[in-house]
Amino acid sequence: MLLAQISDIHATPGSEGLDRLAKVAEWLHGLRPDLLVITGDLVDDDWQEGYKTIGAILRTMSCPVHVIPGNSDCRDMMHQELVEFCAASQPMHFSRDLAGLTCLGLDVTVPGASHGDAAPHCDWLQRALEPGRPSVIFMHQPPIETGIVPLDAVMCRNSDAFAEVLENAGSGVLAVVCGHVHRPISGRIGRTPVYICGSLCEPNPLVLGSRSAPLLTDAPSFAVCEIDRGHFRHHTISLSVRT
Ligand SMILES: [Fe+2]
């Protein structure tokens, strides 16, 4: 089973994000994933035309598509332009059963804030997770620190409560898959692996505390999750920086 993930387009008028999205959509037509999840931050500055264009691109997809919001998203515009791809309720969680796998979208965004918060959503998640059933959780802000200090201030708070829900679900949660950081990073919360998808906008530089990594130009990227006989693999697919 293949789950495609796109995150952090941050489209603005004249930016390359929408062109990159169209190219990724074309590539995914050939791959034919079972599901595409967009993990938030679709546009900046409440650019409604951007949501409209994203909706037009997503309507060309041959696989089911779910969208959850990020901190830069406008929920009202998402409901207007992406109605068939996102939950009508607030928060905008989703749950989708594929053959033998539950895919959950957990909307941990906090209106008006950059950080996320898992605490208000732990009850929903607890009910949505069937102990022992293979599941993948998509969310915008990661529940782990990345080592990139300015970004760690705006991650998903109350990760201890979130970790407790995962623990209660036993070994069923194969992975937590996030965005928000604009760099592919992996880590772990309790026993569960966490994968952060790269962005379709320009990646953030690698800054580790007081240690500065030499500057280089990373490429925008997206991800494909492969679930094979209970094993979960998260593949990063980079776009040419000229794409
Ligand atoms: Fe974000």
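Let me start with a definition: buried means under 20% relative accessible area, exposed means over 50%, and partly exposed is in between. Keep that in mind while we look at this structure, which is a predicted model.

I will take the salt bridges to begin with. Side chains of opposite charge can pair when their charged atoms come close. In this model the count comes to 11 salt bridges. I will go through three of them.

One is between Arg133 and Asp97, with 3.5 Å from N to O. Arg133 sits in the loop between helix 4 (122-128) and strand 7 (135-139), while Asp97 belongs to strand 4 (residues 94-98), so this pair ties together parts that are 36 residues apart in sequence. How accessible are the two partners? Arg133 has a relative accessible area of 23%, so it is partly exposed. Asp97 is at 55%, so it counts as exposed.

Next, Asp218 and Arg183. Their side chains meet in a salt bridge at 2.6 Å, N to O. Both partners are in loops: Asp218 between strand 13 (211-212) and strand 14 (221-228), Arg183 between strand 9 (173-178) and strand 10 (185-189). The pair therefore links parts that are 35 residues apart in sequence. Is Arg183 buried or exposed? At 12% relative accessibility, Arg183 counts as buried. Asp218, at 26%, is partly exposed.

The last pair is Arg233 with Glu226, where the closest N and O atoms are 3.1 Å apart. This pair is part of a network: salt bridges that share partners join Glu226, Asp228, Arg229 and Arg233. Arg233 has 32% relative accessibility and Glu226 has 23%; each counts as partly exposed.

Now to helix 6, residues 159-168. Which of its residues are buried? Phe162, Val165 and Leu166 are. They cover an arc of only 100° around the axis, which means they are on the same side of helix 6. An α-helix has 3.6 residues a turn, so residues three or four places apart point the same way.

What do these buried residues pack against? Their contacts are with strand 5 (101-106), helix 4, strand 7, strand 9, strand 10 and strand 11 (192-196).

One more detail. Just after helix 6 comes Gly170, which takes a positive phi of about 70°.

Terms used
Residues are numbered from 1 along each chain as its sequence is written. This is a predicted model: local features need pLDDT of at least 70, side-chain atom pairs count only at pLDDT 80 or more; totals for chains, interfaces and linings use all residues. Side-chain values use heavy atoms; hydrogens and water are left out. A salt bridge is a side-chain nitrogen of Lys or Arg within 4 Å of a carboxyl oxygen of Asp or Glu. Helices (H or I, at least four residues) and strands (E, at least two) are DSSP runs, numbered from the N terminus. Buried means under 20% relative accessible area, exposed over 50%, partly exposed in between (1.4 Å probe, protein chains only). The arc is that of the directions from the helix axis to the C-beta atoms. Contact means heavy atoms within 4.5 Å.
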